[in-house]
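Good morning, and thank you for coming.

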Amino acid sequence: MGLKDILKSSTFYEILQGMSVTGSYFVGEKVTVEYPKEQIPPFERFRGVQCLISNPETGELNCDACHICATICPSNCIFIESSEGPDGAKQLDSFVIDLTRCIFCGFCEEACPRAAIAMTSAFEFSTYNKNDLILTKDWLVENQKNLHKELRKR
Amino acid sequence: MTEFIILIIKLILIIAVAVGMVPFLIFFERKFAGFFQSRMGPTYAGPWGSLQSFGDMAKLMSKEDLVPAAADGPVFRIAPYILFVPAFVSMTLIPFGPMDVDIFGYNVDLVVSSFDAGVIMFLALGSLAVYGPVLGGWASNNNWALLGALRSGAQMVSYEISMGLAVVGVIVMANTLNFVDIVDAQAGGFWNWFFIPQLVGFVIFFVASIAELNRDPFNLAEAEQELVAGYMTEYSGMRWGIFMFGEYVNMVVMSAVISTIFLGGWRAPFEFLDVIPGFIWLVGKMLFFIFLYMWIRWTLPRYRYNQLMDIGWKIFLPLAIANLAVTALIISVV
Amino acid sequence: MAGHESHPPAPPKPRATPEEMRERKRLSRQRVSDDSEFITVSMGPQHPSTHGVYQAVVDLDGEIVVNARPSIGNLHRGVEKLAEVKSYHRFLPLTDRLDYISSFAMNHAYAEAVEKLMDIEVPRRARYIRTIGDELCRLSNHLLWLGVHVMDFGAQTFFLICFRDREYVLDLWEMLCGARLTHSYARIGGVAADLPDGWVEKCRAAMEFMPRRLAEYQRLVEKNRIFLKRTVGIGIFTREDCVAWRVTGPSLRATGMERDLRKTEPYAAYDEVDFDVAVEYDADVYSRYLVRMKEMYESCRIILQCLDQLPEGDYINQDAPSQTFPRKKQVMRDSAAMVQDFMQTFRGPKVPKGEVYKAIEVPKGEMGVYIVSDGTSIPQRLHLVTPTFYHCQATPALFEGEMISDVVGIFGSVDIVLGDSDR
Amino acid sequence: MDSTGEQISDALKSVFGKIEEKFGARLLGSSVFRGELTFLVAAEDLVEVATYCKAGLGFDRLEFLTGNHYPERLEQPFEVAVHLTSMATNDRLRLKVPLKEGQKMPTLSSLWPAANWCERETWEMYGIEFEGHPNLIRLLTDADFEGHPLRKDFPVRGLVGGRIRTDLKGKI
């Protein structure tokens, strides 16, 4: 141990150095975002709760009940019921997403060939009642308001 | 009779100051912790979150007071207060201003008790406070709490010694054990304060006081990351709150003592600043030390148990003795 | 590299030989006395610093650990059983949940193994994106590790400032794939999507900024006397121990062994970038800290190089339509791609019969995936060889003879996440 | 060589030659797939082969050990795969041991301490017992879990072993 080391340790050199770092944080700018008051908009690819997309002109759903999203879903959280419509095409009767199972991997959006289902920017869905997490077709169509991206662009 | 009434008033005022400071200290601790971590700290309750600790208190009071079935009930219940009470007693020794002040026509000493063995009294009360954590940890009947209690006991006892020896240098210089006289010995400007001639003693006393207060980097008794919560593991609700409260009261007392012994107590750094009441100076100095305690806590990691003991016995104790010897030599020669 | 020069030199330490290390270890264990009663405490699953739901029942002689009995499995989710009922594509998001701190690296390990099994090429651009992703994971993992590790020693500010800076990396991830933790970004044959507009600039800015922050951390903690006292010479785990207990990653490199799968069997684009393997020689907690600190600087360097050299091309293999998904925008326009999409979803990929084992260097160590295929589109057996499983197993050997205060530090220093070990 | 026509590295070729030469007829077979060398070893030979690999061929690290279940193989439905790695050359070697139902397997935990938990896991997942293992108890599942979950006949869904313990009501 040289004289320099003794001097450094007796003047608490490295401790003062560390304290200068925290001291600079003390006066510096703060990074807190006061969440409910301020919100950070999610990025375009953000994977929030799904929505079903309808055609803005006709109001019809893009979905034609092909079951591809229900099949690719790794946690089996999509339940689709369909029947044959009057013109012979498949028609969507019910579309249920069980959010208690959903892992937000985005595979449904990615697999869908019609751009009918999409992940939105909605992430505030906590609730006191588990039944609120069973999302029905109407809820999902309504959720279009949170859609924040153009699907066909990718 | 008037003297007795004045004494009662002074006592109430002292306790009110100590107790009244604590919620704001806790608020400052949380706010400053936020600032040191480049966060904002509490912001919701009251302006800038300043009523945060009152909210905490309301929460703690409304919680269930849980006593473990296998705990030693009475000891478990009384332990928090053992930590709490000696701190108040120490507070009575601190002078807040000059003696014989004329207030509303009464002659008042701005100290509760000008006790001739004040320093000894303070050290003795400090040792008494050890019983709180030790008994609390032992009575909890929990291995983590027991470990915390043992650490706390050993730590406080061993730092008491270097702390005491660090003060002796000042006692030798001031030639008194009375806090009032120690302050008087530092009259004049800040160049007469004892932290300059007694720099080594000051540093030792300051570091040992951190250990006495159980704060980072010496908060081994709680050591959240190691011992869950140390001696407080089984405590909940307001009993836990009283432990916390006691720690902050101790912090107030310790900062008051350290400013009295080494920084001239209520005296202003320059004579012409004496127009500002001594009380304000004392509180200012206390706040400075409290801020320092917080800054250190939110910067440094924690020592290990045996390293803490090494520092206490192998570095601080010899240093304090050497400091005392040198001081005594110089005093006797000069 | 700017960040490289600002790295302050490590304090001079003797380069210990394995014999010296073993001798030190032997001395550290002599402290246990023979005739005393033990205090038994249960560390975990609710202990504040067991980094998850790890439990160790520890016998203490005073403050010295005599004996530790670890137990894991509180987070067991049966991932390997689930793999046997899902197609290779559908299993990928579940790998996120193994090491949820660096989930892309887990995706990557799985995808590499499946690609080896199927023998398909990954486009060069996808390999670069994967390399960037791996290093971003390493950075965010090490930042979290650093914060938690130093907080184990009681410095609480460090934890929050590390989290503050990890946010830059997580923002990059959110912009890239839409999730901050569970990325699910790799796909068999490539990655899920191309880099979004503006991502490269944002990433470059973050990577040029990060070394400055790392230097700040080092100023805060690296030479701090308390930190040095708590880490130097503590938790020695020699090279032989590491090999015997299959302890990998930074803990292995801290013993002086220059083993990094990124160098020894290069995957993705690691053979096209220039980087150094971080090696330290003292096998203690401080060496592990230094190794990870160096790795963070190297990660920034690798990412910057990848961004500079980023080639044009596809982000997912287009030449193996029976094994990979088509690009998303083609699906909506091209009927062949749509058929491919349906075939991959409903029938799964076409896989040869056989078995492969592929390991990559994830932030915590060597992560391997062992797949036994019987020629169908779901694995016959999929075994995830996760680093934390073996690190947890080695904990009794690591803890023995150390003090209870050091146990948390040592435990933190081997970097453990229980989702990884319990699967 | 089991003729998938695939190439292996020269280092693995020499390993192959040495093992073939030393154990020859006692090996049950070998195969190469994607450059990985696999030997089929009988359970009673395993310790000997593994010791030789460790001491003689420099495969000093146990990469992992795991089981597998093939219900369609009626004779020997179980299999244990042992992966070894050489730290010096980074070669990997796989030893596979086919097992009958209820047949015991020698433990490798005395050779490599890392095998300890691997064997515990293999036992709890497949019911393959390891002779001489110091502490063969459940590792990942609950202590009172019944059945061996990675066997193919174990259902993926259902409440087997995950039941709510009504019998413990009032006792905890």
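A residue is called buried if 20 or more other C-beta atoms lie within 10 Å of its own, exposed if 12 or fewer do, and partly exposed in between, with C-beta atoms placed from the backbone. This is a predicted model, in which local features need pLDDT of at least 70, side-chain atom pairs count only at pLDDT 80 or more, and totals for chains, interfaces and linings use all residues. Residues are numbered from 1 along each chain as its sequence is written, and chains are lettered from A and ligands numbered from 1 in the order in which they are written.

I turn to one residue. B:A149 is buried, because 27 other C-beta atoms lie within 10 Å. B:A149 belongs to helix α6 (residues 143-174) of chain B; helices are DSSP runs of H or I, at least four residues, numbered from the N terminus. Leaving aside residues up to four places away in sequence, B:A149 touches B:P133, B:V134, B:G136, B:G137, B:W138 and B:Y231, contact meaning C-beta atoms, placed from the backbone, within 7 Å. Between B:A149 and B:G136 there are 7.4 Å, C-alpha to C-alpha, although they are 13 residues apart in sequence.

Next, a helix pair. Helix α3 (residues 73-91) of chain B packs against helix α10 (residues 237-262) of chain B at about 25°, the axes being 8 Å apart. Axes are lines fitted to C-alpha atoms over the stretch in contact, and angles run from 0 to 180 degrees between N-to-C directions. α3(B) is therefore roughly parallel to α10(B), the term for angles under 35 degrees.

Definitions and conventions
Helices (H or I, at least four residues) and strands (E, at least two) are DSSP runs, numbered from the N terminus. Two residues are in contact if their C-beta atoms, placed from the backbone, lie within 7 Å. Angles under 35 degrees count as roughly parallel, over 145 as roughly antiparallel, 65 to 115 as roughly perpendicular and the rest as oblique.
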